[in-house]
Amino acid sequence: MDHFPIFLRVHGRRIVVSGGGEAAMAKLRLLMKTAGHITVFSPDPAAVIIQWAEAGKLSLVRRAMSPGDALCAALFYAADEDAAEDARTSQIARADGALVNIVDNLQDSQFITPAIVDRDPVTIAIGTEGAAPVLARAIKADLEKRLPAALGTLARIGKTFRKAADALPFGRARRDFWRAYYFKAGPAAVTGGEGAVKAALNTLLADHLNRKARPGHVHFVGGGPGDPDLLTMKARRVLDEADVVIYDRLISKPILELARREAVMIDAGKEGFGPSMKQEDINALIVKHGAAGAQVVRLKSGDATVFGRLDEEIDAVDAHDISWSIVPGITSASAAVAEIGQSLTKRGRNASVRFLTGHDMKGFADHDWATLAQPGQVAAIYMGKKSARFIQGRLIMHGADRHTPVTVIENASRPEQRILDTTLDALPAALMAAEMSGPALMFYGLAPRQAAAARLSKTVPYSLPIQVQEAL
């Protein structure tokens with residue numbers, strides 16, 4: 001992030017613009033929505049700018065800018081549409097201490113003006129750091145359609161009520177009050193005018209002041225395979241409301257970014273054959289925060305009910321009479337099989353699929369290898385990289401065809417996803433050559449469909465039996 005987004009208070013402060021053409025007018029249309037004092041320098045201003053000056057919306061100085069003209073200015077816009085003149089005026093403004101924006105010159109600007117959705121006092125700024133203005137405008141247009149015009153009215157009235165709401169305890173009690181106002185009581189009352197909204201606020205505050213504190217609750221949430229677009233709507237909602245988020249090592253950063261910024265974030269990472277937080281300590285953390293009255297999200301990679309030791313955590317919560325719920329997620333097998341264009345079951349091939357783990361608390365996990373070694377069987381093997389040679393040996397020992405396809409998907413659904421297409425016979429060597437370091441899921445009995453392979457490989461040739469390809 002090269003540009004840090006902030007909202008700058010310009011009430012009563014100077015904003016200076018050099019220029020009198022189209023570029024200046026575009027900036028002025030936005031700047032005149034502020035409470036700043038705008039001064040325009042131009043020897044030949046457009047008629048519209050003259051009209052704005054005559055209407056008292058800005059001050060117009062009909063000459064080129066000179067040293068000292070930007071003194072005490074908060075912001076300066078160089079909008080003369082002439083590179084030499086823009087360079088000259090921006091140098092003056094910098095010397096005078098103003099922050100400088102040069103229209104259509106990102107490199108030499110100290111700040112940029114985002115696309116803005118205005119529901120005063122609610123303001124949404126959209127920036128792409130100059131990379132894609134058309135995208136910013138598209139997002140703005142979409143938000144304009146989604147946000148009701150009455151939103152500004154609700155926010156303006158709510159702002160006057162903030163001191164009264166301070167009678168509620170700090171934290172979740174206040175958040176619950178404001179959530180109820182903005183999403184229920186306020187919209188229901190706004191059609192009756194400001195008086196109706198203020199009456200609804202008073203009634204709502206009285207109700208919340210008489211409420212008992214909401215008890216603690218634990219949401220066991222499946223965070224999916226890592227792509228935030230695969231997170232369920234319910235998971236997004238509880239993340240937004242959480243007081244405490246206790247997350248696994250495999251949860252991606254984009255998903256953690258969706259949590260409420262004030263939430264306490266606790267890394268409870270566990271790694272097979274590596275450093276881990278003990279399960280007993282994780283249980284104690286969940287109980288500690290739930291018993292203290294927090295809304296806790298226990299965020300697990302994939303689906304919380306698949307190889308997530310969920311039962312142990314639920315038992316710990318139950319033992320302390322803390323309420324809980326499960327929010328399902330997309331398990332890694334579902335995301336990974338979609339990436340290779342296959343289905344987990346297929347008529348005439350396999351009527352069932354096994355979800356296995358490569359290791360458990362005792363080490364390498366043992367399974368019904370004899371059945372799995374039969375032709376046409378399919379298994380999704382979690383945590384199987386380090387136990388690949390053990391899995392290969394067990395299957396071959398029970399008569400599995402050495403040429404059975406095996407596909408390993410690393411970081412399924414994420415930008416850094418890689419796919420290894422190999423066979424049972426070549427599996428350990430292929431994994432060693434691929435040097436996969438991220439979380440990986442292994443499909444025994446499935447190869448990437450050719451169409452999916454072509455889509456994933458793009459410019460990388462597709463070859464058998466071993467291939468590591470970047471997903472683009």
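Helices (H or I, at least four residues) and strands (E, at least two) are DSSP runs, numbered from the N terminus. I am working from a predicted model.

**Entry 1**

I looked up proline 169 and found it in the loop between helix 6 and helix 7. Its relative accessible area is 53%, and exposed means over 50%, so I note proline 169 as exposed.

**Entry 1: helix 7**

Does the length of helix 7 agree or disagree with its number of residues? Helix 7 covers residues 172-189, which is 18 residues, and at 1.5 Å a residue I expect a span of 26 Å. The C-alpha atoms at its ends are 24 Å apart, which agrees. I did find a kink of about 50 degrees in helix 7, centred on tyrosine 181.

Tyrosine 181 is also on the list of buried residues of this helix, along with Arg172, Phe177, Trp178, Ala180, Ala185, Gly186 and Ala189. I asked what the buried residues of helix 7 pack against. Their partners are helix 5 (151-160), helix 6 (162-165), helix 8 (194-209) and strand 11 (295-300).

**Entry 2: strand 11 and its sheet**

I followed the last of those partners. Strand 11 is mostly covered, with 6 of its 6 residues buried. Gln295, Val297 and Leu299 point one way from the strand, while Val296, Arg298 and Lys300 point the other way. I had the general rule in mind here: in a regular strand the side chains alternate between the two faces of the sheet.

I went through the pairings one by one.

- Strand 8 (residues 217-222) runs parallel to strand 11, with 6 bridges between them. Valine 221 stands opposite leucine 299.
- Strand 9 (residues 244-247) pairs with strand 11 over 4 bridges, also in the parallel sense. Valine 244 stands opposite valine 296.
- Strand 8 and strand 12 are parallel and share 5 bridges. Phenylalanine 220 stands opposite isoleucine 326.

**Entry 3: the 3-2-1-4-5 sheet**

I also traced an open sheet of 5 strands in the order 3-2-1-4-5, with parallel pairing. Its edge strands, strand 3 (59-61) and strand 5 (99-102), each pair on one side only. The twist from one strand to the next averages 20 degrees. Strand 4 (residues 73-78) is joined to strand 5 by 4 bridges. For alanine 78, I found isoleucine 102 as the bridge partner in strand 5.

**Entry 4: nonpolar cores**

Which members of the largest nonpolar core touch the most other members? Of its 23 residues, they are Leu395, Val408, Leu431, Met442 and Tyr444. The elements that supply at least two residues each are helix 14 (369-372), strand 16 (379-382), helix 15 (388-397), strand 17 (405-410), helix 16 (427-434) and strand 19 (440-444).

I took methionine 442 for a closer look, leaving out residues up to four places away in sequence. Its contacts include Ala379, Ala380, Ile381, Ala388, Val406, Val408, Leu427 and Leu431. Gly384, Lys385 and Thr407 are also among the residues it touches. Another core, of 19 residues, lies apart from this one; Val10, Val17, Ala23 and Leu75 are among its members.

**Entry 5: loops and backbone**

Alanine 426 is in the loop between strand 18 (418-423) and helix 16. I checked whether to call alanine 426 buried: its relative accessibility is 16%, and the cut-off is under 20%, so it counts as buried. Alanine 426 is 24 residues from arginine 402 in sequence and 8.4 Å from it in space, C-alpha to C-alpha.

I then looked for backbone exceptions. Most residues other than glycine have a negative phi, and most peptide bonds are trans. In the loop between strand 17 and strand 18 I found asparagine 411, with a positive phi near 55 degrees. Serine 413 is in the loop between strand 17 and strand 18 too, and its phi is positive, near 80 degrees. Asparagine 411 is buried at 10% relative accessible area, and serine 413 is buried at 15%.

The peptide bond between aspartate 120 and proline 121 is cis, with omega about 10 degrees. I placed proline 121 in the loop between strand 6 (115-119) and strand 7 (122-126).

Terms used: Residues are numbered from 1 along each chain as its sequence is written. This is a predicted model: local features need pLDDT of at least 70, side-chain atom pairs count only at pLDDT 80 or more; totals for chains, interfaces and linings use all residues. Side-chain values use heavy atoms; hydrogens and water are left out. A nonpolar core is a set of buried Ala, Val, Leu, Ile, Met, Phe, Trp, Tyr and Cys residues joined through side-chain atoms within 4.5 Å. Buried means under 20% relative accessible area, exposed over 50%, partly exposed in between (1.4 Å probe, protein chains only). Contact means heavy atoms within 4.5 Å. The expected span of a helix is 1.5 Å times one less than its number of residues. The bend at a residue is the angle between axes fitted to the seven residues ending there and the seven starting there. Two strands pair if DSSP finds at least two bridges between them. Axes are lines fitted to C-alpha atoms, for helices over the stretch in contact, and angles run from 0 to 180 degrees between N-to-C directions.
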